Amino acid sequence: QVHLVESGGDSVEAGGSLRLSCAASGFTYGFYRSKCLAWFRQAPGKEREAVAVIYTGSGNSAYADSVKGRVTISQDNAKNTNYLQMNSLKPEDTAMYYCAADVVVGSRSCLSLTFYDFSYWGQGTQVTVSS
């Protein structure tokens, strides 16, 4: 059974940085050359939105306009983990952050930031940014 576990969420001041981690178990990252790995977030009263995705077959990534230039998604096959490095955090980045993974979706859908039907989801890690 596949499990995704997020960590790294915290309360920080505006302008600070955080690195979120998503560790996978029951799922060997390296076995699948092409995976769609993503980070989503959901603030209270708002819909879940895609923040960043990476399609590992090509190494290409995509970011929401709201975080572009401040956020980087990456993966480490050896550690079965992917990361979301977030810099220059803003109060509007406050949300529960979720990681997601899929090994079936193709590159185009993955990188569109509109694909939400991921096979695997984590339980979330809270990020709170104070002004």
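Ring pairs join Phe40, Phe115, Tyr116, Phe118 and Trp121 into a cluster. Rings of Phe, Tyr and Trp (its six-membered ring) are taken to pair if their centres lie within 6.5 Å; planes under 30 degrees apart count as stacked, over 60 as edge-to-face and the rest as tilted. The model is predicted: local features need pLDDT of at least 70, side-chain atom pairs count only at pLDDT 80 or more, and totals for chains, interfaces and linings use all residues. Residues are numbered from 1 along each chain as its sequence is written, and side-chain values use heavy atoms, with hydrogens and water left out.

A search of the whole structure finds 5 aromatic pairs. One of them is formed by Phe40 and Tyr116. This pair is edge-to-face, at 4.8 Å centre to centre and with 70° between the planes. Phe40 lies in strand E4, whereas Tyr116 lies in the loop between H1 and strand E10 (120–121). The pair thus links distant parts of the chain, 76 residues apart. Helices (H or I, at least four residues) and strands (E, at least two) are DSSP runs, numbered from the N terminus. Phe40 is buried, with a relative accessible area of 0%. Tyr116 is partly exposed, at 36%. For these classes, buried means under 20% relative accessible area, exposed over 50%, and partly exposed in between (1.4 Å probe, protein chains only).

The rings of Phe118 and Trp121 have centres 5.8 Å apart and planes at 75°, so this pair is edge-to-face. Phe118 is buried, with a relative accessible area of 5%. Trp121 is partly exposed, at 26% relative accessibility.

Two arginines lie over tyrosine rings. The charged end of Arg19 sits over the ring of Tyr83, 4.2 Å from its centre. Arg48 lies over the face of Tyr98, at 4.0 Å from the ring centre. The criterion is NZ of Lys or CZ of Arg within 6 Å of the ring centre and within 35 degrees of the ring normal.

The largest nonpolar core holds 26 residues. Trp39, Leu84, Met86 and Tyr97 touch the most other members. E3, E4, strand E5 (49–55), strand E7 (71–76), strand E8 (81–86), E9 and strand E11 (125–130) each supply at least two residues of this core. Apart from it lies another core, of 13 residues, among them Phe40, Tyr55, Ala62 and Cys110. A nonpolar core is a set of buried Ala, Val, Leu, Ile, Met, Phe, Trp, Tyr and Cys residues joined through side-chain atoms within 4.5 Å. In soluble globular proteins, nonpolar side chains tend to be buried together.

Tyr97 has contacts beyond its neighbours within four places in sequence. Its partners there include Glu6, Leu20, Trp39, Phe40, Arg41, Val51, Leu84 and Met86. Gly124, Thr125 and Val127 are also in contact with Tyr97. Contact means heavy atoms within 4.5 Å.

The structure holds 2 disulfides, each a pair of cysteine sulfur atoms within 2.5 Å. With bonded cysteines counted along the chain, the pattern is 1-3, 2-4. A disulfide joins Cys22 to Cys99, with an S to S distance of 2.1 Å. The link is right-handed, with 60° about the S-S bond. Cys22 lies in strand E3 (residues 18–25) and Cys99 in strand E9 (residues 95–102), 77 residues apart. Cys22 is buried at 0% relative accessible area. Cys99 is also buried, at 0%.

The other disulfide joins Cys36 to Cys110, S to S 2.1 Å. This link is right-handed too, with 90° about the S-S bond. Cys36 lies in strand E4 (residues 36–42) and Cys110 in helix H1 (residues 107–111), so the pair ties together parts that are 74 residues apart in sequence. Cys36 is buried at 0% relative accessibility. Cys110 is buried at 1%.

Strand pairing requires at least two DSSP bridges between two strands. E3 pairs in the antiparallel sense with E8 over 6 bridges. Here Ser21 stands opposite Tyr83 in E8. Strand E1 (residues 3–7) and E3 are antiparallel over 5 bridges. His3 stands opposite Ser25 in E3. E5 and strand E6 (residues 60–63) are antiparallel over 4 bridges. Tyr55 has Asn60 as its bridge partner in E6. E5 and E6 form a hairpin with 4 residues between them. In its turn, Gly59 has a positive phi of about 80°.
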